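User: Hi! Could you walk me through how some of the helices sit in this model?
Analyst: Happy to. Let's have a look at it together.

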Amino acid sequence: MDKIQALTSENGIVVFSKSTCCLCYAVTILFQELGVEPLVHELDHDPDGWEIEKALVNQGCNSPPVPAVFIGGNLVGSTNEVMSLHLRGALIPLLRPYQTLA
């Protein structure tokens, strides 16, 4: 979908989310604690949210398809994939180009 492509190519880190999803919130907070500010796109606030959600499923996002995390334009996955990367020490190197100096 063009909207996914546009958002992920224009922003270093994108989290497709729903405002009522606690796992989406947890991933967003993790990123903030690691010094990055992801673009959080709330599907339940977007008139095209249902179409975006279907497109995310077609791209390989598991059910439920949110949070869907993109870093550097590449689909990383959902909460499980993000946490797995973090536990292995592989998340911070992916985030380093997008970290702000604090």
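User: Which elements do the buried residues of α1 pack against?
Analyst: This is a predicted model, so everything here is read from predicted coordinates. The buried residues of α1, a helix spanning residues 2–10, are Ile4, Leu7 and Thr8. Their packing partners are β1 (13–17), β2 (39–42), α3 (49–58) and β3.

User: Are α2 and α4 roughly parallel or roughly antiparallel?
Analyst: Helix α2 covers residues 22–33 and helix α4 residues 79–88, and their axes are 10 Å apart. They pack at an angle of about 30°. Angles under 35 degrees count as roughly parallel. The two helices are therefore roughly parallel.

User: Is the crossing of α2 and α4 left-handed or right-handed, and which residues make the contact?
Analyst: The crossing of α2 and α4 is left-handed. From α2, the contact uses Leu23, Val27, Leu30 and Phe31. From α4, the residues are Thr79, Val82, Met83 and His86.

User: How many nonpolar, polar and charged residues are in the contact of α2 with α4?
Analyst: No charged residues take part in the contact of α2 with α4. Sorted by class, the count is 6 nonpolar and 2 polar, with no charged residues.

User: Which residues of α4 are buried, and what arc do they cover?
Analyst: Thr79, Val82 and Leu85 are the buried residues of α4. They lie on the same side of α4, because the arc they cover around the axis is only 135°.

User: What do the buried residues of α4 pack against, and which residues are exposed on the other side?
Analyst: The buried residues of α4 pack against α2, β3 (68–71), β4 (74–77) and α5 (91–95). On the other side of α4, the exposed residues are Asn80, Leu87 and Arg88.

User: Which residues does Thr79 touch, leaving out those up to four places away in sequence?
Analyst: Thr79 is found in helix α4. Thr79 has a relative accessible area of 10%, so it counts as buried. Leaving out residues up to four places away in sequence, Thr79 touches Leu23, Val27 and Pro67.

Methods: Residues numbered from 1 in each chain as written. Predicted model: local features only at pLDDT ≥ 70, side-chain atom pairs only at ≥ 80, totals over all residues. Heavy atoms only, no water. Axes fitted to C-alpha atoms, helices over the stretch in contact; angles between N-to-C directions. Helix = DSSP H or I, 4+ residues; strand = E, 2+ residues; numbered from the N terminus. Parallel < 35°, antiparallel > 145°, perpendicular 65-115°, else oblique. Left-handed = near helix turned anticlockwise from the far one by under 90°. Contact = heavy atoms within 4.5 Å. Nonpolar A, V, L, I, M, F, W, Y, C, P; charged D, E, K, R; others polar. Buried < 20%, exposed > 50% of the residue type's maximum accessible area, 1.4 Å probe, protein only. Arc of directions from axis to C-beta.
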